[in-house]
Amino acid sequence: MKKIRFYSGLINLQIRWLDKMSDRGYRLVGTGKLWYEFEPCEPSAYRYAIDYVGDKSKTEAKEYADFLEDIGYRTYFKNINLNLDLGDLVWEKLADKGDFFADRATAMDRALLIVEKENDGKPFELHTTYEDRALFYRKLMMPYLLLFLLFAALGLFTKMCGWFAVAAVFLFVCIVYLIDHLKMKKLSSLVEG
Amino acid sequence: MRDNVKGGALTEVTFFILLSLYEPKHGYAIMQFIEEMTEGRLSLGAGTLYGAINTLLEKGWIKPYGDVNGRQKKYVITPDGKKAAKTELARLRKLVDFASDTMGERS
């Protein structure tokens, strides 16, 4: 069964949706740019986590995925899907402009790593120290910050309000992750261990 | 992992990973070791473990073990890693002695 689903990047929602699919008896077996593919499974047999690997090179991301597979998890790469398709379009356009952007565009195409493990009743967390979680949110924030700046600049350039509206969406996501980052950072300095 | 910033103390996670690797282990076995040794108090996520392993490899405190190209990569502690673990043990001993004296619980 293929499900077409957009996600604006708030990965907590994506994790919740995948867990819910598992509860209903559907297990993830594949991902594409716009779709997720499922197969029937025992209800609640699997739990999901998502990591951000957009900052890693293709080889580094593959190494990390292999490490997780060795542990016994299953992994799927997924584009970060910046929604509206506008974000993706911009990345593709910029990819023609030079290596730096081409690298970023490829990175965004497989920026998320969906990780599946058998449900053992315990919460499934990939990052377990506050310091590590703070870093995770900071990295996750970066593509949105960059897109916000791009669209804000586009708005200033063309004097069209539409671009500012798009920029605002990215800014919103950025702020959500920034708050998460700051929360974790504070905890990491307050709580030991 | 923020080790050796203040006073050379290791983080608990770092110290446990070093201890677990006195015998060669792969990632999953390290996670299990830590969970067992702490009776479930410290449960290490795979992402955090991966970051910690890479930091320790960079520091030269651990190294890949056995068939490097095969699946299920194993790691083992190096002499430098043992030195760091020993320093940590000495630091903890001093701390325990001091705490026992102060609290009047020296056995």
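**Helix packing and chain contacts**

User: Which residues in H1(B) meet which residues in H4(B)?

Analyst: On the H1(B) side they are B:Phe15, B:Leu18 and B:Leu19, and their partners in H4(B) are B:Gly81, B:Ala84, B:Ala85 and B:Glu88. Contact requires C-beta atoms, placed from the backbone, within 7 Å; helices are DSSP runs (H or I, at least four residues), numbered from the N terminus. This is a predicted model, in which local features need pLDDT of at least 70 and side-chain atom pairs pLDDT 80 or more, while totals for chains, interfaces and linings use all residues. Residues are numbered from 1 along each chain as its sequence is written, and chains are lettered from A and ligands numbered from 1 in written order.

User: At what angle do H1 and H4 of chain B pack?

Analyst: H1 (residues 12-20) and H4 (residues 79-103) of chain B pack at about 125°, and their axes are 10 Å apart.

User: Changing topic, how many residues of chain A are in contact with chain B?

Analyst: Chain A has 15 residues in contact with 17 residues of chain B. On the chain A side, helix H2 (58-71) and H5 each supply at least two residues.

User: Which helix gives the largest share on that side of chain A?

Analyst: H2(A) does, with 5 residues.

User: And what does A:Val115 touch?

Analyst: Leaving out residues up to four places away in sequence, A:Val115 touches A:Tyr48, A:Ala49, A:Ile50, A:Asp51, A:Leu68, A:Tyr73, A:Thr75 and A:Leu126.

Technical notes
Two residues are in contact if their C-beta atoms, placed from the backbone, lie within 7 Å. Axes are lines fitted to C-alpha atoms, for helices over the stretch in contact, and angles run from 0 to 180 degrees between N-to-C directions.
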